[in-house]
Amino acid sequence: MTTAPYGTWPSPLTAALAASHDGRPEYLDAVGDEVWWTAPRPREAGRRALVRLRPDGAEESVLPPPWNVRSRVIEYGGRPWAGVPRPAGGPLIVFVHFADQRLYAYEPDGGGDPRPLTPLSATGPDGGGGLRWCDPVLLPERGEVWCVLEEFTGPAPTDVRRVLAAVPLDGSAAADRAAVRELTDDRHRFVTGPRLSPDGRQAAWIAWDHPRMPWDGTELRVADVTGDGRLAGVTTVLGAQTGSEAESVAQAEWLPDGTLVAATDRSGWWNLHRVDPATAVTSALCPLPEEFAGALWKVGLRWFAVLGSGLVATLHGTGGARLGVLDPATGELADVPGPWSSWSAALAVAGERVFGLAASPVTGSEVVELDTATGHARVAGNAHADAVDPAYLPEPVSRTFTGPGGREVHAHVYPPRHPELTGPEDELPPYVIWAHGGPTGHVPLVLDLEIAYFTSRGIGVAEVNYGGSTGYGRAYRERLREQWGVVDVEDCAAVARALADEGTADPARLAIRGGSAGGWTTAASLTSPLADGLYACGTVIYPILDLAGWATDETHDFESRYLESLVGPLAEVPERYHDRSPVHHADRITAPFLLLQGLDDVICPPVQCERFLEAVAGRGVPHAYLTFEGEGHGFRRADTLTRALEAELSLYAQTFGFAAPDVPVVDLGAPVAPAAAGTAAPAGAAGAAVHSGAAASAVALTRPRRLRAGDRVAVVAPSGGFPRKELDTGVDVLRGWGLDVVVYPSAYGAHDRLSYLAADDAARARDFERAWCDPEVAAVFSGRGGYGAHRMLDHVDWAALRAAGPKVYVGFSDATALHEAVATRLGVATLHGPMPAWPPFAGDDATREHLRRTLFEPAAVQRLTSPGARALVPGRARGVTLGGCVSLLAAGLGGPGARAGAAGGLLLIEDVEEEDYRLDRILTQLRRTGWLTGVAGVVCGTWADCGPYEDVRAVLADRLGDLGVPVLEGLDFGHGVPALTVPLGVPAVLDADAGTLTLDTPGLA
């Protein structure tokens, strides 16, 4: 296999492609012989479509855009639709439309449009949608649909009540709230939809109240259904009100004999129990240290379903979910064979057939049908189709790590994988720790193209099911009780440190990312002493950042008292809310971060991010804040998902020190000090020194594309003017290469008072801007050096240049000021090379030819050497190229947008007409300011007219020899002839002993 630096591997899995496959099917159910479900449509503004699978296997989306089948009950939603077959006219469907939250009836085979069943409401925290519905049960014989009604009574997110309600199917409630019949009172804050017994005479549902979350404690309620459709004799048969405060009932269904099967965690695991509704006597059906259910984040999740025969199809497992069939009479559990590693809580039955949504590490969610008569399972719908060659997909491994105190920490590790590339022997891959949301949640081991987007480029991912996650029993879940911001941070850090300690991950290039509660864990990790210095950067997505604010009317009702279990009651432990909140520890954050936020998010609202950014402002921490209109909690639109992924990759490229030319550079607002690639001694190179800076300011930049015949290039004068004859000769050379050359006015000009300038600063900056921003121009050349480039930098509209995208820039000498500015302000790699008005440009064949090949055939000139190149200090180093005329580097120290230092870089230096004592002063200045701290290696070029080289060499040895890094001297670049063209901002390996500088990638893309 070919080697290439981790992070730089080209991948067919683009951000847009990953975004187009985001999301998974949900809420599957049977409607007669058909199976229906909701499906994501990222390219249709992120809506949820309703999909129908006919008996002949044909799939169709039954509602066109903008219909969006999604409920906002408890904001996370719940089952938004139900259907029943009819003897004639096709099925009857009811569904919730996201935009207005009304319940609609639809006859897909009748040719008509959906008709509203419920009224609009102007009440609610966002000024409307104050009547919400979910988990419906269609009862056509009663002419009603029974469901959960969530009704806002005021503008605050907690001004809300929830009841079971009956909505008439005739549409009489479409404009009349009074026509909706309430089946229960609102004594309980939360309820699930009703489940009717086989004879229709009883109903069961689950209820719970603040401050408990449904995984803390719920109760199973049962009532008689009267002849006129009322619920009477309501009792609690299982759960909190029967003496067990720490019992969570997650789901309940009726068995054919009139008893209930319920998933309760009274044993410490969500196991299935039979419940007699008359006596409340329970018995375990299959006691195992496994989970048969999970956290009830959405109303109407189904981990098990009862077949007509009385058998129970159920999901179960530890850390994952398998499908099995349980015989309640014997407790026998038979698993279903198949390649799927995880099943969603969306089981449905039709006769003796079971349908579910299952996925694996190499397949997305598919509709799977199990025939219980034969035991055969097959893919029935939503069949997986490879988006890319599976060779680009990771091969994950589930692992158990050791956390503080010896506790177990579960994680899925996704190593980098590419069919044609591997990393260099002396380089370890960067890894990103993914913290899931919830925090009472779980990540399964399934295909995720967002993960593959990174692993196929050479970046590893580890998803951590930290303490507090579901899937491992109640005790594991309870580890997070009052320990949020501690246990989750420690567990993620334990996985990161273990991967680094065992040599799997580069310890200098670890990152952390997460959304929602995972965003909290990410931000907490970047500001907590528990993970101090561990992560080089972080991606924080729609997070919680201020606990006290979130606990006081900054979130929705469902989670408004969640923190009482995660942190403790605010009134009792206010200091804990302060001490753990990242917003109060902005002074601790030093790592670059990316903050992504939906502007319509009512769960983790933008004010949390805004408050945090105010605390970070002025601290010089590189960061970017990207907001997305129309996005709530969880991004759904393809354009949003694409932009977010590309921005995340750009953050890692800038921080980890590799090139990412296929994504826009995200502006982090300050120079990034990226972590240099950690290295391992190459095989067979015992004793060879391999250096890399611990904290770098040299970062791999976006490479512009190579030039082609016919491209237009511009010549500008950022510094002084130049003789017309010499410029015209150089322009003729460029035209001889097939380029269309445009010379900007200042190139032939002269300042009216300062003869060393081509024009005033604003005019020179204007020409440079116009050239860069011209979409027809592919490359910009400085015509010649001189003096004045630093003066014009503050007159350049760098935002306009960023918007114009990357261009080739060529120059040296005084152009060093522009090389540095283009690197730090635009994130674009440049070429340190000869300029058209410099006589050797046209006069020296070797100089001219090397530039031409760098521009047109960059892969042919990745290895740079010269006859006189030799080791001043022996050794080998990896880093990112930067530098130029050393006096210009010193002159730029401390200026606006200046590079913080050369850490992690391979520093190229040369100069002209600087005597030995002045070179000593320049290098001493760079040393005393700390600018050379952490440099990975130094490459010395030519020293034209700087006096005897023996004197120059003595200064170089004195000022550079004790840095502890390899130093190469005598590489032919700079003011001497011949002059090599050297790309700046590109990862490379310096081998001083061999006299070579070898680029990891061509200087141009």
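Let's start with helix α19 (residues 916-928) and helix α20 (residues 949-960), which pack at an angle of about 15° with their axes 9 Å apart. Helices here are DSSP runs of H or I with at least four residues, strands are runs of E with at least two, and both are numbered from the N terminus. An axis is a line fitted to C-alpha atoms, for helices over the stretch in contact, and angles run from 0 to 180 degrees between N-to-C directions. That angle makes α19 roughly parallel to α20; the cut-offs are under 35 degrees for roughly parallel, over 145 for roughly antiparallel, 65 to 115 for roughly perpendicular, and oblique for the rest.

Before going on, a word on the source: this is a predicted model, where local features need pLDDT of at least 70 and side-chain atom pairs count only at pLDDT 80 or more, while totals for chains, interfaces and linings use all residues. Residues are numbered from 1 along each chain as its sequence is written, and side-chain values use heavy atoms, with hydrogens and water left out.

Which residues of α19 and α20 make the contact? From α19 they are Asp916, Leu919, Asp920, Leu923, Thr924 and Arg927, and from α20 they are Asp951, Val952, Val955, Leu956, Arg959 and Leu960, where contact means heavy atoms within 4.5 Å. By class, that contact has six nonpolar, one polar and five charged residues. Ala, Val, Leu, Ile, Met, Phe, Trp, Tyr, Cys and Pro count as nonpolar, Asp, Glu, Lys and Arg as charged, and the others, Gly among them, as polar.

Helix α4 (residues 487-501) and helix α5 (residues 517-527) have axes that come within 9 Å and cross at roughly 75°. So α4 is roughly perpendicular to α5. Asp488, Val489 and Cys492 of α4 meet Trp520, Thr521, Ala524 and Ser525 of α5. Here the classes are four nonpolar, two polar and one charged.

On to the sheets. Strands of a sheet pair through backbone hydrogen bonds, either parallel or antiparallel. Inside, four bridges join β7 (residues 92-96) to β8 (residues 103-106), and Val96 has Leu103 of β8 as its bridge partner.

Another open sheet has six strands, ordered β43-β42-β44-β45-β46-β53, with mixed pairing. Its edge strands are β43 (740-743) and β53 (982-984), and the twist averages 25° from one strand to the next. Strand β46 (residues 830-832) pairs with β53 in the antiparallel sense over three bridges, and Thr830 is partnered by Leu984 in β53.

Finally, some local details. What is the peptide bond from Val977 to Pro978, cis or trans? It is cis, with omega near 0°, and Pro978 sits in the loop between β52 (967-969) and β53. The bond from Pro65 to Pro66 is also cis, with omega near 10°, and Pro66 lies in the loop between β5 (59-61) and β6. Glu482 has a positive phi of about 60° although it is not a glycine. For background, most residues other than glycine have a negative phi, and most peptide bonds are trans.

Note on methods:
Pairing = 2+ DSSP bridges.
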